[in-house]
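Dear colleague,

Please find below the structure that I am handing over to you.

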Amino acid sequence: MPNRVTKLLQRFKAFSRYKYYEECIVAENEKSDKTIIVNLKAEPEKPAQKEPFLVSISGRETGKAIPLKGKDLKVGREVGCDLMLESPHISRFHAEIFWKGSQLFIKDLGSTNGVFVNGRKIAEEPLHNGDKVLFGTQMYFKLVYQDAVDQNYQQSLFKAANTDPLTQLYNKRYFIDFLEKEFSYTRRTQQPLSLIMMDIDFFKKINDTYGHVAGDKVLKSLGAILSKQTRLENISCRFGGEEFAVVLRGASHSQARFVADRIRDLITKEKVTSKNQAITFTVSMGIATFTGKNFGTSEEFIQRADELLYEAKQQGRNRTISEAA
């Protein structure tokens, strides 16, 4: 009967960039305390194809990578730019990264604060692997050519820094940065921005009754619902503990209320099973809408949504309280 080592070697497959072949195995039996000697030959595969990415190397989005293969990239503050950089130091149409044949180029589109490549201000310049690009005075990026393994690693770092490991939603750190950018955009364009703050009702009682493992399952369940109900241009996050937030770009007060009630209805129908026990839960919500002038800062915006959430708690929980802007 083949021992465990033999079985493993029979299933042994190529990994990374090499194919390996068994040449010699010394093993007496499965219980042997002798060292197993395996001599392997390495046959290099063809190098993996690398593709260009523009990677953020400053600010809270450090590590975020934008693919550049086969497409041009317009950079600026204006809606419609492929890479929107919400900063007063960035012009509406700041720069463009584009292809000429097989060569990437970057061009300043007449920006106020300029484009710099490796510390040198440019008008138009070819880009090469490793070049550092500065848009304006604060937004640093780096051009890197990566294969699939490198890119997966890069994205895992970004995810680890910006998502909550339990719910897989964005964390508070990412949320604050995202909301600040959206707040600036709304102040400039007068397009509405709505914020839903929500809190799980009687969450401490769930933990005390069913245990913290069950509590974690409830948090994960809510995270999954929010992920499915959030469009690409919006985000959901775990704000802290059992409190969550949803940012809705371009959503009026009535539209945000519709989204909130839909989410709350789905939550009331959700059942979480722990130790053969079915657990149901509800949430309370507060909604604030910013139209460009009714809040001075993003902190005031968050505070108002939180105050409305508290009102929902005070009025009996499992309800949504909102106000028109």
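Contact here means heavy atoms within 4.5 Å. The model is a predicted one: local features need pLDDT of at least 70, side-chain atom pairs count only at pLDDT 80 or more, and totals for chains, interfaces and linings use all residues. Residues are numbered from 1 along each chain as its sequence is written, and side-chain values use heavy atoms, with hydrogens and water left out.

Helices (H or I, at least four residues) and strands (E, at least two) are DSSP runs, numbered from the N terminus. Glu182 lies in helix H3. Not counting residues up to four places away in sequence, Glu182 touches Leu193 and Arg249. Glu182 is buried, at a relative accessible area of 5%; the term buried stands for under 20% relative accessible area, with a 1.4 Å probe and protein chains only.

S15 and S16 form a hairpin with 2 residues between them, and Gly241 in the turn has a positive phi of about 60°. Of the 7 residues of S16, 6 are buried, so this strand is largely enclosed by the rest of the structure.

The largest nonpolar core has 27 residues, of which Ile196, Ile200 and Leu222 touch the most other members. A nonpolar core is a set of buried Ala, Val, Leu, Ile, Met, Phe, Trp, Tyr and Cys residues joined through side-chain atoms within 4.5 Å. At least two residues of this core come from each of S14 (193-200), H4 (203-210), H5 (212-229), S16 (243-249), H6 (253-269) and S19 (283-290). H5 gives the most, with 6 residues. Leaving aside neighbours within four places in sequence, Leu222 is in contact with Met198, Ile200, Phe244, Ile267, Phe281 and Val283.

Helix H7 (residues 298-314) has 17 residues and reaches 25 Å from its first C-alpha to its last, close to the 24 Å expected at 1.5 Å a residue; the expected span is 1.5 Å times one less than the number of residues. Among the buried residues of H7 are Phe301, Ile302, Arg304, Leu308 and Lys313. What covers the buried residues of H7 includes H3, S14, S15, S16, S19 and S20. Just after H7, Gly316 takes a positive phi of about 125°.

Terms used:
Buried means under 20% relative accessible area, exposed over 50%, partly exposed in between (1.4 Å probe, protein chains only). Two strands pair if DSSP finds at least two bridges between them.
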